[in-house]
Amino acid sequence: MERSRSFRPGPVDTLWLTLAAFAFVGLDITLYVFGEPTTGWAGPAAGVTLQVALDLSLILLFRYPRLVAGLVVAGGLLMLASDLFSPGLLVPERQLTLMTVPTITPVVLSQLARLIDRRTLLWLTAILVVCASRPWDAQWNTTPFGLLGTALPTTLSLYFEARRQLLRSLRDRAERAEREQHLLAERARGEERRKLAEEMHDVVTHRLSLMVLHAGALGVVSADEAVRTSAEDIRREGALALDELRDLVGVLRNGANAGPRTLTDGAAGDPATLVAESASVGIPTELTVHGDPGRISPTVARTAYRVVQEALTNVRKHAPGSTATVELRYHAGGLDITVENTRAGAAPDPALAGSGSGAGLAGLRQRVELIGGRFDAAPRTGGGYRVGAILPAYVPTAEGDR
């Protein structure tokens, strides 16, 4: 059996085919019981039994199309042989055309174009046309009706199947063109990201490097201890900012040849420092660390630092008098971060709460998603707020080998 690759019958197809089979059974039995042999509308019991058996085989058409088509052709040949050599055995001598082939023939032929190959269908149709139309003894009630019951269903079936394949081809072509447009747009965005990364690297990194160098030189030549301390603070913060900028530029460049880097002391800010700062300003904060921090790369560590920093900053701004907890879980797959705070114990300071751009969490979400992580922030049930992030252990950057 050869079935159309694109056609898979569903419950509706099976239902209507079953109903059609029993409708043909009822038709053939009705014609046998109430028909008059002299008009050719009813045949002997053997012919009706054959018709009913073939009608019931229609239920199997979608599952075994070649078998049902073979039974229809065999039934047509048997009726033709009876008509030629034993008139009246299966059908009366004077009959309408469709009584010389199974009554389900038009339905079967109308469905075969999407179930079997075209060559087989044409051969089956040719045989049934000969059985039904009897070209050697053409009559007004045989040839025209024979063609209508055999050739016409096949022609319509082939037409609609060709139309369906054409529409499917056009739809596939449109979908392929849409995918290609999407890929081109993605490529264009990637090119823009690389250009932006190059400009950031050429301009911003250069300026930051000069600032770090000047701060270092100031700390060396100045005799004032306060100036040296401030210069060292500027140099350290500038170096950290330079590292973070290089990481972000590397992500924008989609560094594919970057190797994994391990975390070294001082490569990223320590969340414990942020917890201590939060506690020193009146927000009791507890830090819980699980696992080995050395499993993640510096880029991920710096992102984690920013997540904790932004979350605790928002606690100080919007929930004074609350308590906070910071949980860091390091594992082979990366790092899970959870920062939660309880309900505020006092009204927020309007000046402090209104400071900032108001886009801190949105920017944090973009930064987390940029390195392939997930971010969520939402109020807690019963009061308070929760900020969470799931970060990968490693993100490839163009600076990954340093």
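Student: Which residue does the side chain of E340 meet in a salt bridge?

Tutor: In this predicted model, E340 meets the side chain of R386, with 3.6 Å from N to O. The contact counts as a salt bridge because a side-chain nitrogen of Arg lies within 4 Å of a carboxyl oxygen of Glu. The pair links distant parts of the chain: E340 belongs to strand β3 (residues 334-341) and R386 to strand β5 (residues 385-392), 46 residues apart.

Student: Is E340 buried, partly exposed or exposed, and what is its relative accessible area?

Tutor: A residue is called buried under 20% relative accessible area and exposed over 50%, with partly exposed in between. E340, at 24%, is therefore partly exposed, and R386, at 28%, is partly exposed too.

Student: Which residues are linked with E340 in a network of salt bridges?

Tutor: The network joins E340 with D376 and R386. The structure as a whole holds 7 salt bridges.

Student: Which residue forms a salt bridge with R235?

Tutor: The partner is E232, and the closest N and O atoms are 2.8 Å apart. Both residues lie in helix α7 (residues 225-252), again with a spacing of 3 residues, about one turn of the helix. Here R235 is partly exposed at 29%, and E232 is partly exposed at 35%.

Student: Where does UniProt place the feature "coiled-coil region"?

Tutor: The unreviewed UniProt entry places it at residues 160-194. In the model, that span is 100% helix and 0% strand, and its end C-alpha atoms lie 51 Å apart.

Student: How many bridges join strand β1 to strand β2?

Tutor: There are 6 bridges between β1 (residues 285-290) and β2 (residues 324-331), and the two strands run parallel. Between them the chain passes through helix α9 (residues 298-318), giving a β-α-β crossover that is left-handed.

Student: Which residues make the nonpolar surface patch of about 600 Å²?

Tutor: The patch is made by F22, L56, I59, L60, Y64, L67 and L71. Take L67 as an example: its place is in helix α3 (residues 65-85). A residue needs over 30% relative accessible area to join a patch. L67, at 45%, is partly exposed.

Student: Is Q51 buried or exposed?

Tutor: Q51 is buried, because its relative accessible area is 3% and the cut-off for burial is under 20%. This residue is found in helix α2 (residues 45-57).

Student: What separation lies between the C-alpha atoms of Q51 and G75?

Tutor: These C-alpha atoms are separated by 8.2 Å, while the two residues are 24 residues apart along the chain.

Key
Residues are numbered from 1 along each chain as its sequence is written. This is a predicted model: local features need pLDDT of at least 70, side-chain atom pairs count only at pLDDT 80 or more; totals for chains, interfaces and linings use all residues. Side-chain values use heavy atoms; hydrogens and water are left out. UniProt positions are given in the numbering used here, feature names are shortened, and annotations may be inferred rather than shown by experiment. Helices (H or I, at least four residues) and strands (E, at least two) are DSSP runs, numbered from the N terminus. Patches are made of residues with over 30% relative accessible area and no salt bridge: like charges are joined within 9 Å, nonpolar side chains (Val, Leu, Ile, Met, Phe, Trp, Tyr) within 5 Å. Accessible areas come from the Shrake-Rupley method with a 1.4 Å probe; for residues, only the protein chains shown count as cover. Buried means under 20% relative accessible area, exposed over 50%, partly exposed in between (1.4 Å probe, protein chains only). Two strands pair if DSSP finds at least two bridges between them. A crossover is right-handed if, with the strands pointing away from the viewer, the path from the first strand over the helix to the second runs clockwise.
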